[in-house]
Amino acid sequence: GRMRTLISSAEEDKADPVYSGDSESETMDPNEDGMDVDLDQDVYGATIYSILHDGSEVFFGDELDNLDQIINKSRLTFAIMSLILNYCIQFSMLITSWFRVALPCVRQTQEIYRLYHQDVFDRDGSFNPVKWLNWPESNQDALCQLPVTNARKQLYLVLCLWWMAIVSELRKNERMFRHISQFSRAIHPREMIRFDPKTHTERIMRLTPFTKCLLYICIAGMKLLISIGLLLAGTVWLTASQSIADLLLNSVALGFVILVDETIYNALYPEAIQKPIKEMKLWIKDEKGDTAQKDALMRDLRESWMYYSGCLILVALYLNLGQSLPYIGVLPNFQYDAFCPSYWETEMTRVCGAWPNKDCFPYGSPDAPVVDR
C-alpha cells in the first residue's frame with residue numbers, strides 16, 4: 001500500500017510542469033486554469049520582479065536562478081533605487097510644473113483679462129473700439145494669443161488628448177490593482193513563484209498579504225497619485241498657456257513627464273536584467289466558456305465607452321463650468337468677450353504676399369532723408 005502511494009505521488013508530481021514552491025501549494029496547469037500576463041516593461045514592472053524574485057532569494061533563501069546572493073542583492077538594490085529615482089523625478093517635476101509654471105501662467109492670464117475689461121470696456125460693460133485701438137499692442141498680443149480666449153476649439157482637442165494620455169496610465173494602474181487583487185493568498189513567500197522547466201518561465205502564482213500591501217502602497221498607489229496629480233496640474237497648465245505655440249510645446253513637455261518610468265528602464269537597465277523581466281508572467285485566472293468571454297468583452301467595451309465619453313464630456317464641462325472651481329479654474333466668469341477685431345487678419349497676412357517678388361525686402365526707408373557719406 002505504501003509503495004502504491006509513492007508511485008501515485010510520483011506520477012502526480014511528474015504531471016505538474018510548474019512547481020517551485022512548498023508541497024502544500026495548489027497545483028495549477030497554465031494551459032487550463034488561466035492565462036499568462038506580461039509584466040509592464042518599465043520601472044514598476046522591474047520592481048515587482050525584483051521584490052518577488054530577488055526578495056525571495058535574499059530574505060528567505062529560496063533558490064530560483066542559481067545566481068550568487070550578491071547578484072540578487074545588487075539587482076534588488078538597483079530596482080529599488082530606480083523606483084526611488086523615478087518618484088523623485090516625477091514628484092519634483094509635478095511640484096515644479098504646478099508652482100513655478102502653471103500658477104504663474106494662471107496669474108498672467110487673469111491679469112491680462114482684468115486689464116482688458118478695465119481699459120477697453122466702458123463702465124456699462126460695452127466694448128469700446130476706440131479704446132481697443134489705443135490699447136498697447138503688447139496687451140493685444142497677450143490677450144488674442146491666449147488659447148482659453150481665442151482658440152478654445154484647439155485647446156479642447158489638446159486637453160482631450162492629454163486626458164486620454166492620463167486615462168491610459170490610469171487603466172494600466174487599474175489593471176495592476178485588479179491583477180494584484182486576483183492573486184490567492186500564499187502562506188510562505190516560496191509559494192509565490194513557480195518555475196516551468198519546459199518553457200523556462202517564472203510565473204507569479206500567489207502573493208503573501210505583506211507583499212500585496214507592499215505592491216498596493218509602494219507601486220500601484222504611488223503611481224495612481226502621480227497620475228491624478230499630473231492630470232490636474234497638466235490641465236491647468238495647458239489651459240493657462242500664453243499662446244497656441246506654448247500650448248503645443250507644453251503638451252509635448254507633459255508627455256515627457258509621463259514617460260519618465262519607461263525612460264529610466266530603457267536607458268539604465270541592462271539587457272541581462274530586462275530579459276528575465278520579460279520572461280516572468282503574472283498568472284491570472286481566465287474566464288472560460290463562450291458566455292463568460294462574451295460577458296467579459298461587453299464589460300470591456302462598456303468600460304472603454306465610459307472612458308471615451310468621460311474624456312470628451314468632462315473636458316467640455318471643465319472649459320465652461322469648471323472655470324469657477326477653486327484651485328483648478330483658470331478664467332472664472334469668462335464672458336466670451338475677448339474680441340480681437342482684425343488682429344488675426346493682420347497676424348496671418350504675409351509681408352511679401354502670397355506671390356513674393358524681388359522687391360519684397362527693399363533697402364532703406366522711402367521717407368528717410370538722404371545723407372551724403
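Which helix holds the place of Thr211? Helix H8, which covers residues 209-239, does. The model shown in these views is predicted.

View 1. Is Thr211 buried or exposed? Thr211 has 8% relative accessibility, so this residue counts as buried. The cut-off for buried is under 20%. The side chain of Thr211 makes a polar contact with the side chain of Thr208. That contact spans 2.6 Å. Leaving aside residues up to four places away in sequence, Thr211 touches Leu52 and Met192.

**View 2. The aromatic pair of Tyr44 and Tyr87.** The model has a count of 17 aromatic pairs. Tyr44 and Tyr87 form a tilted one. Their centres are 6.2 Å apart, with 45° between the planes. Which parts of the chain does the pair link? Tyr44 sits in helix H2 (residues 43-60), and Tyr87 sits in helix H3 (residues 69-120). The two are 43 residues apart, so the pair links distant parts of the chain. Both Tyr44 and Tyr87 are buried.

**View 3. The aromatic pair of Tyr116 and Phe121.** How far apart are the ring centres of Tyr116 and Phe121? The distance is 5.1 Å. Their planes meet at 90°, so the pair is edge-to-face.

**View 4. A cluster of linked rings.** Tyr116 and Phe121 also belong to a cluster joined by ring pairs.

Terms used
Residues numbered from 1 in each chain as written. Predicted model: local features only at pLDDT ≥ 70, side-chain atom pairs only at ≥ 80, totals over all residues. Heavy atoms only, no water. Phe/Tyr/Trp six-rings, centres within 6.5 Å; stacked < 30°, edge-to-face > 60°. Helix = DSSP H or I, 4+ residues; strand = E, 2+ residues; numbered from the N terminus. Buried < 20%, exposed > 50% of the residue type's maximum accessible area, 1.4 Å probe, protein only. Polar contact = N/O pair within 3.5 Å; in protein donor to acceptor, adjacent residues only side chain to side chain. Contact = heavy atoms within 4.5 Å.
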